[in-house]
Amino acid sequence: MTEPLEAGATAAPDPNISDEDFEAFRPGHGGMGPTVLQMLPALVSGGVERGTVDMSRAIVQAGWRSLVVSRGGPMVRELERIGATHIELPVHSKNPLHWRATFDSLVDLIHRERVDLVHARSRIPAWLGIKAAARNRVPFVTTFHQRPAASNALKRAYNSVMVRGERVIAISHYIAERLLADYGLDTARLRVIPRGVDLELFDPGKVPAERMIRLVNKWRLPDGVPVIMMPGRITAWKGHKLLIDALAQLERGSFRCLMVGDDTARPDAKKALEAHAHASGVGGYVHFVGRTDDMPAAYKLANVVVSASLDPEPFGRVMIEAQAMGRPIVAADHGGARETVLPGETGWLVQPGDAGALAAGLRTALALDEEARAALSAKAIAHVRRNFSRYQMCARTLSVYTEVLAARGCERL
């Protein structure tokens, strides 16, 4: 049995990875390998969805078969281009009236498609998946992407399905420690597998000037003014208001701040933040630009990237993406940030919820001279490439699948 793994330790084939990289996982008999069914609520956007697609690509490259069940979404097309199969079922629904029919369809699907392993990435799919897997006598694995949030008995019971897999994958040591403390999870079933970044996509050397110019013109950025960037959807716990309070402590006109992320779901929240920025005297320097289809170019425009989350990030993909692009990160000193940012080397960790501390971190980052910025950039890129590549995440997850299937005597390995 393998020990729990330590942290740090787009279409068709992953450009970072050759087929040979997954040679160890190829079926020894030369035929099709095991069939893995991943379950999640939808394929719209986000870290859970990206991890599902990345794993589907790795499963196919290993010579296995990848099935994904969700209610669908725009990422289905990408999934199918990889060579995976998507099956649309309402596994997102919290309506008990839907559960029986969905469960029956899932049981039939697992049997019909000869699924060897079920991997659930969210709670409602997990409640359906664990019972359907048991009915078909196939192993069940989970990945905990969110904070356990076991604030009361009902919530604990709802979350508990996520620790009932034969293996439970935590995306950070922070999450792993919470699972051990809150649910008494057996460490023999726990594996820590950090999220991975696409090193082909997030490579500063592969972002041409034309892409950056397009965003500069779109966002009307003035020449020569440092850019502070905060990626993340508009939601209270991400800390947009805190960042505005920190910006109010900086010299007026010495920066532009880009709030990059979905701002359509909560238009009232966006308006309130814009009003707060104007009331704080920085309204002219803070721009809510919405989502972008070119985050690598956006990161490359930034002089410093911020993660100001008020609650601990379960992992924090922004932190590894920014570092992969060689950008300094200023982040709240809790949660996953403690595992991805090297304080004083690739960025700075500051007191959570403290606008003054955040402002001080921003001043330090913006004051770097050219030589110091270059040294930090090189260290940040190397740090991510060494510890947080997409390949590492996929290979470690395939190792978990192999471990579980071998214990079950799977003949397709």
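In the predicted model, strands β8 (residues 227–231) and β11 (residues 304–307) run parallel and are joined by 2 bridges. Met229 stands opposite Val305 of β11. Both strands belong to an open sheet of 6 strands. Its order is β10-β9-β8-β11-β12-β13, and its pairing is parallel. The edges are formed by β10 (286–290) and β13 (347–350). Each of these edge strands pairs on one side only. From one strand to the next, the twist averages 20 degrees.

A further open sheet contains 7 strands. Here the order is β3-β2-β1-β4-β5-β6-β7, again with parallel pairing. Strands β3 and β7 (190–192) stand at the edges. Each has a single partner strand, so one side of each is left without a neighbour in the sheet. The twist in this 7-stranded sheet averages 20 degrees from one strand to the next. Helix α3 (residues 96–112) packs on the sheet. The helix touches β1 (35–39), β2, β3 and β4. The direction of α3 makes about 160 degrees with that of β1.

Strand β2 (residues 65–70) pairs with strand β3 (residues 85–88) in the parallel sense, over 4 bridges. Within this pair, Ser70 has Glu88 of β3 as its bridge partner.

The largest cavity was examined next. Its volume is about 120 Å³. The lining of this cavity comprises 14 residues. Of these, Arg121, Thr143, His145, Ile171 and Met393 are the closest to the centre of the cavity. Two or more lining residues come from each of the helices α1 (47–61) and α15 (390–407). Helix α1 gives the most to the lining, with 3 residues. By residue class, the lining divides into 5 nonpolar, 6 polar and 3 charged residues.

In summary, the predicted model holds an open parallel sheet of 6 strands and an open parallel sheet of 7 strands. The 7-stranded sheet carries helix α3 packed on it. The largest cavity draws on α1 and α15, among other contributions to its lining.

Note on methods:
Residues numbered from 1 in each chain as written. Predicted model: local features only at pLDDT ≥ 70, side-chain atom pairs only at ≥ 80, totals over all residues. Heavy atoms only, no water. 1 Å grid on protein atoms, 1.4 Å probe; cavity = no way out; pocket = protein on both sides within 12 Å on 5 of 7 lines; lining within 4 Å. Points joined across faces, edges and corners; volume = space filled by probe spheres on them. Nonpolar A, V, L, I, M, F, W, Y, C, P; charged D, E, K, R; others polar. Pairing = 2+ DSSP bridges. Axes fitted to C-alpha atoms, helices over the stretch in contact; angles between N-to-C directions. Contact = heavy atoms within 4.5 Å.
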